[in-house]
Amino acid sequence: MMFSHNRRKLLQASGALVATGALSATTPAQAAAPRVVVIGGGFAGATVAKYVRMWNPAIQVSLVEPNPGHVSCILSNLVMTGAVGMSTITLRYDNLRSKYGVNIVADRAVSIDPVSRVVLTANGSRLPYDKLVLAPGIDFDSIPGLDSAVLPHAWQAGPQTLALKAQLDSVPAGGTFVMSIPKAPYRCPPGPYERACLLADSLLRRRRAGRVIVLDANSDVVAEPHTFHTAFQTTYAGVIDYRPNSEVLSVDWAGKKVVTNWESVPFDAANIIPPQRAGKLVAAAGLLGSDPATRWAPVNPLSYESRVVPNVHVIGDSQGTGQPKSGHMANAQAKVCADALVRYFAGEQPDPAPMTSSACYSPITATTASWLTVVFGYDAASGLMKPVANTLAEAPAPTAGHYKDMFGWAKNLFADSFS
C-alpha cells in the first residue's frame with residue numbers, strides 16, 4: 001500500500017537537517033548529514049533507499065548490492081512457462097542513483113560491526129552508518145541429496161528460473177513432475193500453488209500431461225485455499241495430485257525419486273523448494289538472538305529496528321513480525337521503516353499505529369488469474385503485525401480480467417520500488 005506521511009513535518013525535518021548539513025564545515029562530526037546504509041537491493045531495500053531520499057534528501061543513503069539489478073520473483077513463474085521473458089522481471093537501480101541520489105555500492109556486504117557502526121564489504125570497503133537497514137531476503141535449509149544446480153528451486157529468480165523452465169521442457173509425454181512446498185512461513189505464500197497450476201497448464205497445452213504431484217509440508221493450502229482447491233480438484237482434476245503433510249526428507253537424483261515422511265515418489269522432473277530462514281548476514285550479525293530455533297529476525301514493527309542489536313533495522317523476507325513474505329509486503333514495510341528513519345533523524349518517535357498491506361495475483365491458467373488482499377495493523381499486546389478484521393479478501397474465481405490486472409499491478413509495484 002502507499003504509506004501516508006505528514007508532509008509538513010517531513011519538510012520541517014528536511015529543513016532542519018539541511019541547516020545542520022550546512023554547518024558541518026564548522027561544527028563537530030555529529031552535526032554531519034545522517035548516514036543510512038541499506039544492504040540488499042530487492043523490493044524492500046530499493047524501496048527504503050528511494051523513500052528515505054525522497055522524503056528527506058539531506059539523509060545520505062548507500063545501497064550495497066553486488067548485482068547490477070534485481071530479478072523479481074513476482075511474475076517469474078510466467079518466465080518458466082514462456083509467457084514473459086527475463087527482461088520483464090529484471091529491474092535496474094539506475095533511477096535510484098540518477099533521480100534520488102542513492103549511492104549504489106556494487107559490492108557484497110560480508111560483516112557488520114554494530115559497535116563501531118561499520119559495514120565491511122567483500123572488496124575491503126568500510127561503510128560507516130548511523131542507521132543500518134538489512135534486506136537480504138532468504139536463505140535455505142539443506143536437504144540431503146538436493147543439488148539446486150541440478151534441481152533448481154527457483155525461489156530466487158534469475159538463472160534458476162531458466163533452469164526450471166528447462167526442467168519443465170524435459171518432461172516426457174505422460175511423465176511425472178514432482179514439486180514440493182516447505183513449511184510456512186516461506187517467501188510468497190501462494191507462489192508454490194500458483195507454480196503447480198502453471199506446470200499442469202503448460203503440460204496440458206503441450207498435450208504432454210501426465211501428473212504434477214504436489215508434496216506440501218503444510219496440513220493444507222497456505223494461501224487462497226478456495227482458489228487452489230478448486231483448481232486442483234476441478235480445473236486440473238486428474239493432472240494435479242495434491243498431498244498435504246508431505247515433508248521432503250531427501251532427494252535421490254540418480255534414482256529419480258523424492259523421499260518424504262510417508263513415501264518414496266518417483267519423478268521425471270522435479271522442483272524441490274527447501275525450507276527457508278532469514279538471510280545469512282542477519283544470522284551472522286547476531287540478529288536472531290540466542291535461541292538456535294529462531295529462523296526470522298525479531299524486530300519492532302513500529303520502525304523495524306532489531307530487538308537484539310540497536311540501530312540495525314530488518315525489513316522484507318528476513319523480518320519476523322507475523323506478516324507474509326512477499327514483494328508487495330516488502331515494499332510496504334520499507335515505507336514504514338523509511339518513515340521511522342526520517343522521524344528518528346528529526347528527533348521524533350515512530351508512527352505508533354503503522355499499517356501495511358499485501359496483494360497477490362496468481363495466474364491459474366495461461367489466461368486467467370486470481371487475487372488475494374489483506375491489511376495488517378500493529379498489535380501492541382503482542383508487538384506483532386496482525387491482519388485487520390474484515391480486510392482479508394479472495395477473488396471468487398480466476399478470470400481473464402484478473403490476468404490482465406496482474407500485469408498492471410506488477411508494473412506499478414516495480415515502478416514504485418525502482419523508478
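## Overall build

The chain contains 10 helices and 25 strands, where helices (H or I, at least four residues) and strands (E, at least two) are DSSP runs numbered from the N terminus. Its radius of gyration is 22 Å, close to the 22 Å that the globule rule gives for 419 residues, so the chain is as compact as a globular protein of that length; the radius is taken over C-alpha atoms, and the rule is 2.2 Å times the number of residues to the power 0.38. Taken along the principal axes, the box filled by the C-alpha atoms is roughly 75 × 40 × 40 Å.

This is a predicted model, in which local features need pLDDT of at least 70 and side-chain atom pairs count only at pLDDT 80 or more, while totals for chains, interfaces and linings use all residues. Residues are numbered from 1 along each chain as its sequence is written, and side-chain values use heavy atoms, with hydrogens and water left out.

## Burial and the nonpolar cores

Of the 419 residues in the chain, 54% are buried, meaning under 20% relative accessible area, with exposed over 50% and partly exposed in between (1.4 Å probe, protein chains only). The largest nonpolar core has 106 residues, and those with the most contacts inside it include Ile-39, Val-48, Leu-132 and Phe-232; such a core is a set of buried Ala, Val, Leu, Ile, Met, Phe, Trp, Tyr and Cys residues joined through side-chain atoms within 4.5 Å. Helix 9 (residues 327-345) gives this core its largest share, nine residues. A second, separate core of 13 residues includes Val-178, Val-248, Phe-267 and Ala-270.

## Helix 9 and its partners

Helix 2 (residues 43-55) packs against helix 9 at an angle of about 35°, with the axes 8 Å apart; axes are lines fitted to C-alpha atoms, for helices over the stretch in contact, and angles run from 0 to 180 degrees between N-to-C directions.

The axes of helix 9 and helix 10 (residues 400-418) come within 11 Å and cross at roughly 35°. Here the contact is made by Gly-327, His-328, Asn-331 and Lys-335 of helix 9 and by Trp-409, Leu-413, Asp-416 and Ser-417 of helix 10.

Key
Contact = heavy atoms within 4.5 Å.
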